Amino acid sequence: MKRGGGGGPWGQTVVDEPLTRGEAERVMRRLWRMLRPWRRRIFGATLLIVGQTVCLLAGPALVKHGIDAGIDKGDAGELNLSAGLYLVVAFVALLFGRWAIRVVAGIGESFLRELRVRVFHHLVSLGLDFFEREKAGRLVARMTSDVDAMQELVQTGLTMFVQNILVFIGALAAIFIISWQLALFTFLVVPPVFFISRWFRRESNRAYLEVRERIGTNLATLQEGLAGVRVVQAFGRERAFTRRFRETNDALYDANLETVRIATRYFPVVEYSGVLGTAIIVGVGAWFVDDDVITIGTVVSFMLYLQNLFEPVQQLSQLYNVLQSAAAALHKLFGLLDTRATINERPGAVDLPVTGALEVDDVSFGYGEAPDVLHSVLLTVAPGERVALVGPTGAGKSTLAKLIARFYDPRNGEVRYGGVSLRGATMRSLRERIVVVPQEGYLFSGTIRDNVRVARADASDADIDAALDALGVRDRFLLLPEGLDTEVRERGSRLSAGERQLVSLARAALADPAVLILDEATSNLDPGTENAVERALEALTAERTVIVVAHRLSTAARADRIAVIDHGNLAELGTHDELLAGEGRYASLWASWNAAQSTRAS
Amino acid sequence: MDRDKELRRAGWRLMASTLRPQRGWVITGVLAGAVWTAAKIIIPAFAGAAIDDGITPGKSDVVVKFVVLILVVGIVQASGTALRRYCAFRISYAAETDLRQRLFAHLQRLHFAFHDHAQTGQLMARANSDIQQVNQVIILLPLTISNILVLIATVVVMLLKSVTLAFVALGAIPFLGYFATRFSRRIAPVALELQEELGDLSGVVEESVAGVRVVKGFGAERRQTQRLEAEADSVLNRALAAAKLRANFLPLVDFLPALALVAILWYGGHLVLDGELQVGDLLQFNSYIFMLIWPLRLGGLLVAQSARSAAAAGRIFEILETDTAVTDPARPKPLPPDAPGELRFDDVRFAYAPGQPVLDGFDLVIRGGEAVAIVGPTGSGKTTVARLLPRFYDVARGRVLVDGVDVRDVRLEELRKSIGIVFEDTFLFSDSVATNIAFADPEAPMETVEEAARLASAHEFIIELPDGYDTVIGEHGYSLSGGQRQRVAIARAVLADPRVLILDDATSSVDPTKEHEIRAALQQVMRGRTTLIIAHRAATIALADRVVLIDGGRIVAAGTHRELLDTSERYREVLAQAEMRMVAAAVEDIEALADGEVSE
């Protein structure tokens, strides 16, 4: 009997879509190249497993010897020798086994560690375009479930895979060496087991895919029933909803039962094949013993080897799924590793100067293959100047801000700082001079201090205190129970949207850039922090070049100059008063905004 | 600690209760297991006898007899294994399905206060991973019974053959059970730690992807990579610890039975030499040793698993034993038919947490057909007032009456059907628009659904949807705007033609520029119904005939919106605070305005 049955609910590896032969071969070749640093240890591990297998397979042969040379001949010495040797090989197999598992785990786990770090390192080096194109969930899955798919292989699969192949080949060799005549007959039962195992693997894979899908549907119904429980109760629909759940719940049961039915067909055949093998060995063996072709000991040893022929075939059939899903996962990971980063530091890149004007020189840009969303934009911002970008959603103002931070490179034209093209600048100096404060203050797990330190990994606590003081917000955070050491993701210490924004601003203050790109928040802030955020922003933007993507006209009005972006063009540029006087787009926006304000106040 | 033990015991009782309806299958499974066991024991005996009585003396007719017997008993064995496995898995899946159904039905009935405290994620875990834990023990139960039979039968047969050889052969075997149990116990916490480390690792990945703009903006790629490296090292460390445990155990699975085989060969061989046994007996003993390996390993697994499963079952039991606090009355009274829907709060006291009353001495009468707005600062209890009416919560003191009947005397279904609610967060189900509107009465004819939609000013936009009323909305379907969702929710509330309508902050999540559409819809549906409006937007408050200001759990002022504006300082304050928050929101509309202008 096998591990509670391959039809059991646990330990079942499901394969979505196996790779084609060509893909699988490429994956394997590349894997072998990646494994170069481990090759010697892999060789050693293989030797250990071979040693263990030889020792395991020696057992039945020694039993045969004990029976034929010892018991049959009445030679107690030979019997003692056989038993003694058996004890020795069993013990050696134990030692080899322990050693092999550790070595294989050492190789596999350190390879996975390397793979994780390498994939992640590559992932974060990719450009923003990649992250905007790909779904976050899928990227996370690459690093988690895909690598985990290999974990199973590494933990038990690999050793078992090699060992089962060796046991099968070894046992086959052993029975043929002992008596090829009886071996030929015994071997008859192997092909049926092979074919039905293959059938079982395919069928149960199909059935488990269905189970997985129905688990998903059932969980979705469950989730909705819980999330919407108040509505359900408000309308007195508890019973109807319970019935609805019963449908998906029963559908899951049916799918589960289908897997049971498949297993119910498989396992009896396998067990009966074992019985058939025993019958063949006894029946045919008796006939050969009669003709003096073989001895009694041979018959007994064949019965013992029978186990070693059956188990590997069944197990390999299960392991095949593990292997396939690992290969599919590797294939996806390699695909990610092959994605080229669009924003790179050029060889011979120079540091950006400490100060300088920001020039957007005839810049055009479009995402991917799509048409341009910015057309020949020309804009020069003097050091210390504050420019607001204004325009409807999708006009291109955020895109322009991203180009200024070199999250993307323009298709045509150049962005320069202090006369140096951003393309030719070192990434380090670029991130030091030009900093973007995103709309939402995103927080990483860790303390408030850790989160501020994101901006500069080598900053001391004093530096962080200074940055917070500069914005006048340190006292506010010190009021929290744990002060700056408050864990931001922990329950109960959730920071408000405004406080998160403050942390985000503190990061920018710590980075102390010459140019600050602000994407103004559109979400509500609680009145309490609203003022603090305003004050912090004032302090942060003082004496810096500021580009603000403005969503509120009140913010725009406070800028030195306003750039109105419309349909990817720089439509208007000038001070608030100049633009109002010009009676263009900005002037009409301003008028309608004022009108809206007054109706709401009434 | 005592509570834990109690819960585990309750967990066992719960597992037993899920097995009770499966009695027939359990018995069949155990019987099939017994037959299977017998067949499995007999076959090696036949093989041994064939060698000793047939092959050794060279009697081919005896050999043929035993070969035929082996093949026949083999059929019994194969049928036994089929039936035994089918029963075991069927029982466990049926138990799992049944338990999940019970849990869901119970959760649907549990009162609001329970759901206020429970987290959806936690409840999902109960219904998902905890039930799976339970399932793991249930699936092992029939197998274990068969296995115990195998164990007893083999040991007995071996003892009958030769007491001394049985002792020598079995000497090492109990250690397998011992080591299997020890291994399962030791690997469990390490596996859990490994899971946690993997969770931390994916946490770093998740936040790096979600916060990629921050990472890129500050050039923090290296910092994140270092954090990931640290997590990957912890994973490596735990994985190697688990590997060490496996290395210490797994080879024993081969080694301990091998010791038994050595003992059989050596000691048994000498017994054969002394003429006390035959070679076939040795073969039989060998076969029995192989038979004992899996039962003992599974036994180890069961011992380690059962504590975890009982704890999981205990957690499920904890939910199932929670009684719903809001139940149907023993002797229900009907609501008077055709009554206008007069509402009366009579000296009501209510607290979410003991000792902190939200309402205290709250009195309010709303005449049939009247629309009353309840206004108050955050936490003043205005939403609570609305929630006491349909008995989402029960009062601690005093009474709530609908048309002169205490709500606690009315059947819940009748009460709630007579009250329509539009919630602040318009929760719609992943289903068609029509099904969502007909939520209160799925049997409602299409005309009724359309009528409700028209009344809620939703018909026009619904027929413009890709599949009209059949358009699937919700998480995986078509996504509606806030205003559209709100109008569907209004249609849902009025479909059953309730006498009382509650608008619980119904306009707060709607874009202010679209608010007038909702307002028109509300005006229509309020006609001829008693309406309770919880609001803080002046425009929504203006829909009411009368406004009551509540503060500190009781009414502090009442009158029309105008009157209160003129007379109540507190009213102006409360409104101003709400406006402050809204102005901040309103200013953002510039974006929407600018978009509108461009598209024109």
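This is a predicted model: local features need pLDDT of at least 70, side-chain atom pairs count only at pLDDT 80 or more; totals for chains, interfaces and linings use all residues.
Residues are numbered from 1 along each chain as its sequence is written, while chains are lettered from A and ligands numbered from 1 in the order in which they are written.

Let's start with the helices. Two packed helices are described by the angle between their axes and the distance between the axes. Axes here are lines fitted to C-alpha atoms, for helices over the stretch in contact, and angles run from 0 to 180 degrees between N-to-C directions. Helices are DSSP runs (H or I, at least four residues) and strands are too (E, at least two), numbered from the N terminus. The crossing of helix 2 and helix 5 of chain A is right-handed; a crossing gets that label if the near helix is turned clockwise from the far one by less than a right angle, and is left-handed if anticlockwise.

Who touches whom? On the helix 2 side of chain A the residues include A:Thr46, A:Ile49, A:Val50 and A:Lys64, and they meet a set in helix 5 of chain A that includes A:Thr159, A:Val162, A:Gly170 and A:Ile178. Two residues are in contact if their C-beta atoms, placed from the backbone, lie within 7 Å. The residues of this helix 2 and helix 5 contact in chain A divide into 12 nonpolar, five polar and one charged.

Now across the chains. The axes of helix 7 (residues 190-227) of chain A and helix 5 (residues 120-161) of chain B come within 10 Å and cross at roughly 140°. That makes helix 7 of chain A oblique to helix 5 of chain B (under 35 degrees counts as roughly parallel, over 145 as roughly antiparallel, 65 to 115 as roughly perpendicular and the rest as oblique). A:Leu219, A:Leu222, A:Gln223, A:Leu226 and A:Ala227 make the contact from the chain A side, and B:Thr120, B:Leu123, B:Met124, B:Ala127 and B:Asn128 from chain B.

Six strands form an open sheet in the order 6-7-8-3-9-10, with mixed pairing. Strands pair if DSSP finds at least two bridges between them. The edges are strand 6 (434-437) and strand 10 (569-574) of chain A, each pairing on one side only, and the twist averages 20° from one strand to the next. Strand 3 (residues 386-390) and strand 8 (residues 545-549) of chain A run parallel, joined by four bridges, and A:Val387 stands opposite A:Ile547 of strand 8.

Two helices cover part of this sheet. Helix 11 of chain A packs on the sheet, touching strands 3, 6, 7 (515-519), 8 and 9 (561-566) of chain A, and its direction makes about 150° with that of strand 8. Helix 16 (residues 497-511) of chain A touches strand 6 and strand 7, making about 175° with the direction of strand 6. Helix 11 (residues 397-404) of chain A is mostly covered, with six of its eight residues buried. Buried means 20 or more other C-beta atoms within 10 Å of a residue's own, exposed means 12 or fewer, and partly exposed is in between, with C-beta atoms placed from the backbone.

Chain B has a parallel pair as well: strand 6 (residues 419-422) and strand 7 (residues 500-504) of chain B are joined by four bridges, and B:Ile421 stands opposite B:Ile502. Both faces of strand 6 of chain B are covered, with B:Ile419 and B:Ile421 buried on one side and B:Gly420 and B:Val422 on the other.

Finally, the backbone angles. B:Arg391 has a positive phi near 60°, and with 22 C-beta neighbours inside 10 Å it counts as buried. B:Asp403 has a positive phi of about 50° although it is not a glycine.

Definitions and conventions: Ala, Val, Leu, Ile, Met, Phe, Trp, Tyr, Cys and Pro count as nonpolar, Asp, Glu, Lys and Arg as charged, and the others, Gly among them, as polar.
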